[in-house]
Amino acid sequence: MTTRLPESALLDSSVVLKWFRRDEVWRDVALQLRQAYIEGRMLIYVPDLLTYEIANVLRYKPDLSQGQVQAALNSLYDMQIRIVNGSREMIKEAIHLAYLYDVTVYDAAFMAIAEYLNVPFITADDKLSQKLRNASYVHHISVFA
(Lines give C-alpha, C1' and ligand atoms only; values in the text may rest on other atoms or scores of the structure.)
Protein backbone atom coordinates (compact mmCIF):
# COMPACT_ATOMS: atom_id res chain seq x y z
CA MET A 1 0.00 0.00 0.00
CA THR A 2 1.41 3.35 -1.05
CA THR A 3 1.23 6.27 1.35
CA ARG A 4 0.43 9.68 -0.09
CA LEU A 5 3.26 12.23 -0.03
CA PRO A 6 2.99 14.55 2.95
CA GLU A 7 2.61 18.32 2.56
CA SER A 8 5.88 18.75 4.42
CA ALA A 9 8.62 16.47 5.74
CA LEU A 10 12.10 16.38 7.17
CA LEU A 11 14.38 14.28 4.97
CA ASP A 12 17.27 12.15 6.10
CA SER A 13 20.64 12.35 4.39
CA SER A 14 20.04 8.84 3.07
CA VAL A 15 17.13 10.23 1.02
CA VAL A 16 18.79 13.42 -0.24
CA LEU A 17 21.94 11.52 -1.22
CA LYS A 18 19.88 9.61 -3.78
CA TRP A 19 19.34 12.85 -5.68
CA PHE A 20 23.06 12.85 -6.55
CA ARG A 21 23.85 9.15 -7.06
CA ARG A 22 22.54 6.94 -9.85
CA ASP A 23 21.76 3.27 -9.24
CA GLU A 24 20.57 3.93 -5.68
CA VAL A 25 17.77 1.82 -4.25
CA TRP A 26 14.62 3.93 -3.86
CA ARG A 27 16.13 6.71 -6.02
CA ASP A 28 12.89 7.04 -7.98
CA VAL A 29 10.94 7.80 -4.81
CA ALA A 30 13.60 10.24 -3.59
CA LEU A 31 13.33 12.05 -6.93
CA GLN A 32 9.52 12.13 -6.57
CA LEU A 33 9.93 13.88 -3.21
CA ARG A 34 12.30 16.39 -4.79
CA GLN A 35 9.93 16.96 -7.71
CA ALA A 36 7.01 17.51 -5.34
CA TYR A 37 9.10 20.20 -3.62
CA ILE A 38 10.10 21.83 -6.93
CA GLU A 39 6.46 21.92 -8.02
CA GLY A 40 5.41 23.52 -4.73
CA ARG A 41 3.38 20.51 -3.57
CA MET A 42 5.62 19.79 -0.59
CA LEU A 43 7.87 21.63 1.86
CA ILE A 44 11.18 19.96 2.60
CA TYR A 45 13.14 20.57 5.78
CA VAL A 46 16.62 19.33 6.59
CA PRO A 47 18.90 19.92 9.57
CA ASP A 48 22.05 21.94 8.92
CA LEU A 49 23.93 18.74 9.75
CA LEU A 50 22.69 17.22 6.49
CA THR A 51 24.87 19.40 4.28
CA TYR A 52 28.00 18.15 6.05
CA GLU A 53 26.85 14.54 5.86
CA ILE A 54 26.08 14.77 2.14
CA ALA A 55 29.39 16.50 1.40
CA ASN A 56 31.29 13.87 3.38
CA VAL A 57 29.60 10.88 1.72
CA LEU A 58 30.13 12.35 -1.75
CA ARG A 59 33.74 13.26 -0.93
CA TYR A 60 34.54 9.57 -0.44
CA LYS A 61 32.96 8.44 -3.71
CA PRO A 62 35.99 7.68 -5.91
CA ASP A 63 34.20 8.70 -9.10
CA LEU A 64 33.55 12.28 -7.92
CA SER A 65 35.99 15.16 -8.05
CA GLN A 66 36.15 18.00 -5.55
CA GLY A 67 34.43 20.24 -8.08
CA GLN A 68 31.60 17.75 -8.56
CA VAL A 69 31.03 17.50 -4.81
CA GLN A 70 30.97 21.30 -4.53
CA ALA A 71 28.54 21.49 -7.46
CA ALA A 72 26.24 18.96 -5.80
CA LEU A 73 26.16 21.00 -2.59
CA ASN A 74 25.63 24.23 -4.52
CA SER A 75 22.63 22.67 -6.23
CA LEU A 76 21.24 21.68 -2.85
CA TYR A 77 21.61 25.25 -1.55
CA ASP A 78 20.15 26.63 -4.80
CA MET A 79 16.98 24.63 -4.19
CA GLN A 80 16.39 26.78 -1.10
CA ILE A 81 15.19 23.85 0.96
CA ARG A 82 14.49 24.95 4.52
CA ILE A 83 17.66 24.27 6.49
CA VAL A 84 16.95 24.14 10.21
CA ASN A 85 19.62 25.05 12.73
CA GLY A 86 19.69 23.10 15.95
CA SER A 87 19.04 24.68 19.32
CA ARG A 88 19.76 23.86 22.92
CA GLU A 89 16.30 22.30 23.30
CA MET A 90 16.66 20.26 20.11
CA ILE A 91 20.03 18.80 21.12
CA LYS A 92 18.59 18.00 24.54
CA GLU A 93 15.74 16.13 22.84
CA ALA A 94 18.17 14.46 20.40
CA ILE A 95 20.21 13.09 23.31
CA HIS A 96 17.02 11.80 24.93
CA LEU A 97 15.89 10.13 21.69
CA ALA A 98 19.35 8.66 21.08
CA TYR A 99 19.17 6.83 24.39
CA LEU A 100 15.51 5.91 23.99
CA TYR A 101 15.95 4.32 20.54
CA ASP A 102 19.62 3.30 20.78
CA VAL A 103 20.69 5.43 17.81
CA THR A 104 23.41 8.00 17.27
CA VAL A 105 22.81 11.56 18.39
CA TYR A 106 23.29 12.51 14.72
CA ASP A 107 20.31 10.35 13.70
CA ALA A 108 18.30 11.45 16.72
CA ALA A 109 18.88 15.10 15.75
CA PHE A 110 16.82 14.50 12.61
CA MET A 111 14.07 13.03 14.77
CA ALA A 112 14.17 15.89 17.26
CA ILE A 113 13.84 18.49 14.52
CA ALA A 114 10.99 16.57 12.88
CA GLU A 115 9.24 16.46 16.26
CA TYR A 116 9.85 20.17 16.81
CA LEU A 117 8.43 21.02 13.37
CA ASN A 118 5.65 18.46 13.74
CA VAL A 119 6.41 16.92 10.33
CA PRO A 120 7.10 13.35 9.20
CA PHE A 121 10.73 12.20 9.15
CA ILE A 122 11.55 10.21 5.99
CA THR A 123 14.61 7.97 5.86
CA ALA A 124 15.99 5.43 3.40
CA ASP A 125 18.22 3.87 6.07
CA ASP A 126 16.83 0.37 6.64
CA LYS A 127 18.58 -0.21 9.97
CA LEU A 128 17.56 3.19 11.33
CA SER A 129 13.99 2.71 10.15
CA GLN A 130 13.83 -0.63 11.94
CA LYS A 131 15.12 0.86 15.21
CA LEU A 132 12.59 3.70 14.95
CA ARG A 133 9.61 1.57 13.91
CA ASN A 134 7.67 2.57 17.05
CA ALA A 135 8.02 6.30 16.35
CA SER A 136 4.81 7.07 14.45
CA TYR A 137 6.24 10.07 12.60
CA VAL A 138 9.20 8.13 11.16
CA HIS A 139 8.67 6.61 7.70
CA HIS A 140 10.88 4.51 5.49
CA ILE A 141 10.97 5.94 1.96
CA SER A 142 9.51 2.69 0.60
CA VAL A 143 6.03 3.54 1.96
CA PHE A 144 5.81 6.27 -0.70
CA ALA A 145 6.63 3.91 -3.60
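Student: Before the salt bridges, what counts as a salt bridge here?
Tutor: A salt bridge is a side-chain nitrogen of Lys or Arg within 4 Å of a carboxyl oxygen of Asp or Glu. Keep in mind that this is a predicted model.

Student: How many salt bridges does the structure hold?
Tutor: Four. One of them joins the side chains of Lys18 and Glu24, at 3.1 Å from N to O.

Student: Is Lys18 buried or exposed?
Tutor: Lys18 has 7% relative accessibility, so it counts as buried, the cut-off for buried being under 20%.

Student: And what about Glu24?
Tutor: Glu24 counts as partly exposed, at 25% relative accessibility.

Student: Which residue forms a salt bridge with Asp63?
Tutor: Arg21 does, and the closest N and O atoms are 3.2 Å apart. Asp63 lies in the loop between α3 (49–59) and α4 (66–78), while Arg21 lies in the loop between α1 (13–16) and α2, so this pair ties together parts that are 42 residues apart in sequence.

Student: Arg21: buried or exposed?
Tutor: Buried, because its relative accessibility is 15%.

Student: What does Lys131 pair with?
Tutor: The side chain of Lys131 meets that of Asp102 in a salt bridge, 3.7 Å from N to O. This pair also links distant parts of the chain, 29 residues apart: Asp102 is in the loop between α5 (88–101) and α6 (105–117), and Lys131 is in helix α7 (residues 126–131).

Student: How do Asp102 and Lys131 come out on accessibility?
Tutor: Asp102 is exposed, with a relative accessible area of 55%. Lys131 counts as partly exposed, at 40% relative accessibility.

Student: Switching to the sheet. What is the strand order?
Tutor: The order is β3-β2-β1-β4-β5, five strands in an open sheet with parallel pairing.

Student: Which strands stand at the edges?
Tutor: β3 (82–84) and β5 (138–140). Each has a single partner strand, so one side of each is left without a neighbour in the sheet.

Student: What is the twist from one strand to the next?
Tutor: The twist averages 35 degrees.

Student: How many bridges pair β1 and β2?
Tutor: Three, in the parallel sense, between β1 (residues 8–11) and β2 (residues 43–47). For Ala9, the bridge partner in β2 is Ile44.

Student: Which strands does helix α2 touch?
Tutor: Helix α2 (residues 27–38) packs on the sheet and touches β1, β2 and β4 (121–123). The direction of α2 makes about 115 degrees with that of β2.

Notes. Residues are numbered from 1 along each chain as its sequence is written. This is a predicted model: local features need pLDDT of at least 70, side-chain atom pairs count only at pLDDT 80 or more; totals for chains, interfaces and linings use all residues. Side-chain values use heavy atoms; hydrogens and water are left out. Two strands pair if DSSP finds at least two bridges between them. Helices (H or I, at least four residues) and strands (E, at least two) are DSSP runs, numbered from the N terminus. Axes are lines fitted to C-alpha atoms, for helices over the stretch in contact, and angles run from 0 to 180 degrees between N-to-C directions. Contact means heavy atoms within 4.5 Å. Buried means under 20% relative accessible area, exposed over 50%, partly exposed in between (1.4 Å probe, protein chains only).
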